[in-house]
Amino acid sequence: MLQQRTIKSLTRAVGVGLHSGQRVELTLRPAQANTGIVFRRVDLPEPVDIPVNAEAVVDTRMASTLGKGDVRIHTVEHVMSACAGLGIDNLYIDVTAEEIPILDGSSASFVFLLQSAGIELQNAPKRFLRLLKPVEIRQGEGSNLKWARLDPYHGYKLRFEIDFAHPAVDSTGQMFEFDLGAGNYTRDIARARTFGFTKDVEMLRSNGLALGGGLDNAIVMDDYKVLNSDGLRYDDEFVKHKILDAMGDLYIVGYPLLAAYSAFRSGHGLNNLLLRELMQQRDAWDIVTFEHVREAPQGFAQAALAW
Ligand SMILES: [Zn+2]
């Protein structure tokens, strides 16, 4: 059978929140089979658990924020992307503040933490959410059009297209397709950093956002060029980061997907609307397991060994 995964031992990191600028300690802990991914605020008088699910997303401006009552955890998408990319089913993610640390602005640091802890196979079948028919969300028209959709696919692939009128972005690849079964998440996606424009930074900071952001954890651009002295990590780092974000946003549904995701100018908000639409259309999906590894999509079993 294709098995669920957690990590072998607990692992820790300390960083700052991208938006709050606050120092935050992050601890990743093993979790029993069928637990799912659970975020926990450990700085409160009573710890509060927030298990991921589409309805737990309470804000999608600038980042994906989970909430329960008054309790918030901001910017969960990069650590969720690392979990999706490495196929981690069960994990506790403890934080001492209301934002996940940004670390280097990509998911590479989270991948490193998870791999250092070691991946543990668990004695329970890995459950997938399998698309049975297309689900789509569209917003706006003309130059404001954006959309995201899921189609049935025996595997998991993501195709993203961005459309920024900016010289530093236009000169890079604006469309990328990544297939989890054939590609290498750690090599091809995980290192892509978040990006922003200096002209937005002042506005964000006056609204109490991006306080922890800088050249150490983001690609920063003025009106013409990338300001980071080392340049880009990939020729098409911008669109690859959008795929990294989408993998994190979609994994909030609580299961790895068997689907083809495609999107044009989507973001955290539209990705979450797509998940909510998916949950509404109960006949558009089912939950499946693979008793025999050979029945799983190509690459998923090999990846299981390699991970
Ligand atoms: Zn991001």
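Trainee: In which helix does H78 lie?

Mentor: This is a predicted model, in which local features need pLDDT of at least 70, side-chain atom pairs count only at pLDDT 80 or more, and totals for chains, interfaces and linings use all residues. Residues are numbered from 1 along each chain as its sequence is written, and side-chain values use heavy atoms, with hydrogens and water left out. Helices (H or I, at least four residues) and strands (E, at least two) are DSSP runs, numbered from the N terminus. The helix that holds H78 spans residues 77-86 and is α1.

Trainee: Is H78 buried or exposed?

Mentor: Buried means under 20% relative accessible area, exposed over 50%, and partly exposed in between (1.4 Å probe, protein chains only). The relative accessible area of H78 is 5%, so H78 is buried.

Trainee: Which residues does UniProt list for "binding site", and what is the largest C-alpha distance?

Mentor: The unreviewed UniProt entry lists H78, H241 and D245 for "binding site"; positions are given in the numbering used here, feature names are shortened, and annotations may be inferred rather than shown by experiment. The three are spread over 168 residues of sequence, yet they cluster in space, with a largest C-alpha distance of 9.5 Å.

Trainee: Which residues is D245 in contact with, leaving aside its neighbours within four places in sequence?

Mentor: D245 is placed in helix α6 (residues 237-251). With a relative accessible area of 8%, D245 is buried. Contact means heavy atoms within 4.5 Å. Leaving aside neighbours within four places in sequence, the contacts of D245 are E77, H78 and H268.

Trainee: How many aromatic pairs does the structure hold?

Mentor: Rings of Phe, Tyr and Trp (its six-membered ring) pair if their centres lie within 6.5 Å; planes under 30 degrees apart count as stacked, over 60 as edge-to-face and the rest as tilted. The number of aromatic pairs in the structure is six.

Trainee: How many residues apart are F128 and F300?

Mentor: F128 and F300 form a tilted pair, 5.9 Å centre to centre with 45° between the planes. F128 is in strand β11 (residues 128-131) and F300 in helix α8 (residues 300-306), so the pair links distant parts of the chain, 172 residues apart.

Trainee: Why is the pair of F164 and F197 classed as it is?

Mentor: The ring centres of F164 and F197 are 6.1 Å apart. F164 is partly exposed at 27% relative accessible area, whereas F197 is buried at 12%. The planes of the two rings lie at 50°, so the pair is tilted.

Trainee: How many salt bridges does a search of the whole structure find?

Mentor: A salt bridge is a side-chain nitrogen of Lys or Arg within 4 Å of a carboxyl oxygen of Asp or Glu. A search of the whole structure gives a total of 17.

Trainee: In which strand is D286, the salt-bridge partner of R130?

Mentor: The closest N and O atoms of R130 and D286 are 2.7 Å apart. R130 is partly exposed at 33% relative accessibility, and D286 is partly exposed at 23%. The pair links distant parts of the chain, 156 residues apart, with R130 in strand β11 and D286 in strand β19.

Trainee: Which residues are linked with R149 in a network of salt bridges?

Mentor: R149 and D151 meet through their side chains in a salt bridge, 2.6 Å from N to O. The network links R149 with E136, R138 and D151.
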